Each structure stands twice: as structure tokens, then as C-alpha cells.
Amino acid sequence: MKHDRKEQIQELDFNSALDAAVAGLAAIDVSKSIEAGEAYQLELDQIVTALNKGQARASELRQAIQDAEKGPDGNAAASALLLGEDPLNGTAAVYRQDLETVLAGIRVLSSRRSEIEHKRRFSGDLIEPEIAEALRPLVAALEAESEMAVKQLAQIYANLNAISRLSRRSVAGRIGDEVGEIVMAARLGGRRSVSSYPPSEQLRQLAEAPCMVHLRRGFSTDPVSPSRR
């Protein structure tokens with residue numbers, strides 16, 4: 001009856017924490033998150049557009065350098081003169097200087113794009129702190145439940161260990177090893193409640209059976225803790 005009462009209290013605490021978390025999440029204003037997302041996308045689109053223009057201009061300059069290195073184009077100059085235009089084109093050196101300027105701008109834009117994408121990815125949304133705060137009571141309730149569950153598993157391990165000493169053919173030892181692995185993992189994970197537990201005193205009556213007395217298999221109340229074999 002006491003155990004049932006404890007479970008009822010735990011369930012009540014969990015349900016209360018869950019209700020609080022649901023209410024807290026529902027109260028979060030997402031408008032600032034939407035505005036921040038739109039501002040991020042606008043800035044990113046502007047940078048991408050500028051990068052595309054820069055790459056296109058760089059391609060034009062590379063082609064101009066190749067053309068300039070081939071020597072003067074008499075036909076193109078004649079056509080320009082006929083149209084009353086300047087027949088002189090820039091030199092390869094001038095085009096290279098222009099190309100370096102464009103490439104420098106592309107590098108700055110690429111770096112800026114990486115920065116805002118990294119910030120967006122790793123800083124998280126503006127409402128992340130509010131979400132974490134809304135979930136905090138529920139996480140705390142589940143943490144308390146996990147502490148109690150690990151204690152129960154440690155007790156189960158101790159009981160299975162005691163039973164395995166009474167019967168060499170029982171599967172209690174194998175099951176105890178499996179439960180012990182969970183307890184050890186919890187201990188390595190920082191569960192402070194994990195420690196050595198003695199087997200339940202109620203198991204003593206098993207060792208008092210005539211067959212156990214005959215085989216001289218006793219019952220020990222020494223605390224046990226799982227360890228790797």
C-alpha cells in the first residue's frame with residue numbers, strides 16, 4: 001500500500017510538472033523569433049545575390065584577361081571606330097587588378113555568410129532560453145524519477161545477486177548482470193544515488209529452507225555493488 005501511495009505521489013508530481021510545462025510553452029511569444037528569422041533570411045539572400053554577381057563579374061574579368069593576352073583585335077577596334085566608340089580595351093594587368101578586387105569582395109562576403117549561418121545554427125533561436133525555462137520543472141521531475149528508478153534497480157541487482165548464490169542453475173545471475181550494467185551506466189553518468197545495497201531481508205527465508213541448509217548456502221546482508229567482470 002505504501003508503494004502504491006509513493007507511485008501516486010510521483011505520478012501527481014509528473015502530471016503537475018507536465019501541465020506547467022505545457023502552459024509555459026503556450027505562453028511563449030514567437031513573434032520576435034519570426035522577425036529574427038525573416039531578418040536572417042533577408043541578410044542571407046542579399047549576401048547570396050551579391051556573391052552571384054561577384055562570381056559572374058570574376059568570370060567576365062578572367063575572360064577579358066585571356067582576350068587581352070591574345071593581342072589587339074583589329075576587327076573589334078574597327079567596329080568601335082565605325083560606331084564612334086573608344087577602340088581601346090583595358091590591358092591584362094588592369095583586368096587582373098580588377099579581378100583581385102572582386103575576389104577580395106567575394107572572400108569578405110563568403111566569410112560574412114559563414115558567420116551568420118554559424119551564429120544561426122549554434123546560437124539557436126531567440127526563444128530557446130524561454131523554452132528551456134518552461135521545460136525545467138518537468139525535467140526536474142523526470143530527474144527525480146530517474147534517481148529513484150536507479151535506486152530500485154540497484155536494489156533489484158542486490159536481490160538477484162543473493163538469489164544467484166542460492167542456485168547455480170538459476171537465471172538470476174544472468175539477469176542480475178544485465179541489471180548491473182544499467183546501474184553501472186547510471187553511476188558513470190553521474191547519478192549520485194547509486195551506491196551499494198544489501199539484499200532485501202525478506203529473502204533470508206529462502207536460505208532457511210531445508211534444501212538450502214543441506215547445501216550450506218547461506219544468506220548475506222553485505223551490501224553489493226555491480227562491477228565489470
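Guide: Let us begin with Arg113, which is partly exposed, its relative accessible area being 32%; please keep in mind as we go that this is a predicted model.

Visitor: Which residue does Arg113 form a salt bridge with?

Guide: The general idea is that side chains of opposite charge can pair when their charged atoms come close. In this structure Arg113 forms a salt bridge with Glu117, and the closest N and O atoms of the pair are 3.2 Å apart. Glu117 is also partly exposed, with a relative accessible area of 21%, a value to be read against the rule that buried means under 20%.

Visitor: How many residues apart are Arg113 and Glu117 in helix α4?

Guide: They are four residues apart in helix α4, which covers residues 92-123, and about one helical turn therefore separates Arg113 from Glu117.

Visitor: Where do Glu60 and Arg57 lie?

Guide: Both lie in helix α2, three residues apart, which is about one turn of the helix.

Visitor: Which residue forms a salt bridge with Lys32?

Guide: That residue is Glu130, and here the closest N and O atoms are 2.8 Å apart. Because Glu130 lies in helix α5 (residues 128-166) and Lys32 in helix α2 (residues 31-69), the pair ties together parts that are 98 residues apart in sequence. As for accessibility, Glu130 counts as partly exposed at 30%, and Lys32 counts as partly exposed at 38%.

Visitor: How many salt bridges does the count come to?

Guide: The count comes to six salt bridges, and the pairs we have discussed include Glu130 with Lys32 and Arg113 with Glu117.

Visitor: Let us turn to pockets. What volume does the second largest pocket have?

Guide: Its volume is about 280 Å³. Among the lining residues of the second largest pocket are Ala36, Tyr40, Glu43, Glu115, Lys119, Arg120 and Asp125. Helices α2 and α4 each supply at least two residues of this lining, and the largest share, five residues, comes from α4.

Visitor: How do the residues of that lining divide into nonpolar, polar and charged?

Guide: The lining of the second largest pocket divides into four nonpolar, two polar and five charged residues.

Key: Residues numbered from 1 in each chain as written. Predicted model: local features only at pLDDT ≥ 70, side-chain atom pairs only at ≥ 80, totals over all residues. Heavy atoms only, no water. Salt bridge = Lys/Arg side-chain N within 4 Å of Asp/Glu carboxyl O. Buried < 20%, exposed > 50% of the residue type's maximum accessible area, 1.4 Å probe, protein only. 1 Å grid on protein atoms, 1.4 Å probe; cavity = no way out; pocket = protein on both sides within 12 Å on 5 of 7 lines; lining within 4 Å. Points joined across faces, edges and corners; volume = space filled by probe spheres on them. Nonpolar A, V, L, I, M, F, W, Y, C, P; charged D, E, K, R; others polar.
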